[in-house]
Amino acid sequence: LDDPEIVDVLAMTKKTSKDVQDKLKNAGEAESRIKSACEEFRPVATRGSILYFLIAEMSSINVMYQTSLAQFIEVFEKSMVEAEQNKIPAKRIANVIEELSWKT
């Protein structure tokens, strides 16, 4: 390896490889945090699902109770926005569930 150009290219490739490895490591850590946050909010999704299907079944009692998924999503999103904020995730989740339960 007497050619300085090849040595420079190899050095640059090594540096790029290190950068890519660092970014992959950071991406893996971010993915782990995102999955954890998703799992924390699973009770909210469960409550939303239960409420939606209960409301959907009400149309079998009377046609006036018909509702669309789009209408329910509006209520669901509104409850997420209007629920009392809290820095502690468990309390925030409880607030969202309570807001969703009483808004529907």
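Guide: The model is predicted, so local features need pLDDT of at least 70 and side-chain atom pairs pLDDT 80 or more, while totals for chains, interfaces and linings use all residues. Residues are numbered from 1 along each chain as its sequence is written, and side-chain values use heavy atoms, without hydrogens or water.

Met64 counts as exposed because its relative accessibility is 61% (exposed is over 50%, buried under 20%, partly exposed in between, with a 1.4 Å probe and protein chains only).

The aromatic side chains come next. Three aromatic pairs are counted (ring centres of Phe, Tyr or the six-membered ring of Trp within 6.5 Å; planes under 30 degrees apart are stacked, over 60 edge-to-face, the rest tilted). Tyr52 and Phe53 make an edge-to-face pair, with centres 5.1 Å apart and 75° between the planes. Tyr52 is buried, its relative accessibility being 17%, whereas Phe53 is exposed at 51%. Phe72 and Phe76 form a tilted pair, 6.4 Å from centre to centre with planes at 40°. This second pair belongs to helix H3 (residues 69-82), where Phe72 and Phe76 are four residues apart, about one turn of the helix. Phe72 is buried because its relative accessibility is 6%; Phe76, at 21%, is partly exposed. Tyr52, Phe53, Phe72 and Phe76 belong to one aromatic cluster.

From Phe76 the view passes to a polar neighbour. The backbone oxygen of Phe76 is 2.6 Å from a polar atom in the side chain of Ser79 (a polar contact is an N or O pair within 3.5 Å; within protein, one atom must be able to donate a hydrogen and the other to accept it, and residues adjacent in sequence count only if both atoms are side-chain atoms). Ser79 is also part of helix H3, and counts as buried because its relative accessibility is 1%. Leaving aside residues up to four places away in sequence, Ser79 touches Glu99 and Leu100 (contact is heavy atoms within 4.5 Å).

Asn95 is placed in helix H4 (residues 89-103) and is likewise a buried residue, with 17% relative accessible area. The side chain of Asn95 comes to 3.0 Å from the backbone oxygen of Glu84. With residues up to four places away in sequence not counted, Asn95 touches Ala83, Glu84, Gln85 and Asn86.

Charged pairs complete the surroundings. The whole structure holds five salt bridges (a side-chain nitrogen of Lys or Arg within 4 Å of a carboxyl oxygen of Asp or Glu). Among them, Arg42 and Glu39 meet at 2.6 Å, N to O. Arg42 is partly exposed at 46% relative accessibility, and Glu39 is partly exposed at 45%.

Definitions and conventions. Helix = DSSP H or I, 4+ residues; strand = E, 2+ residues; numbered from the N terminus.
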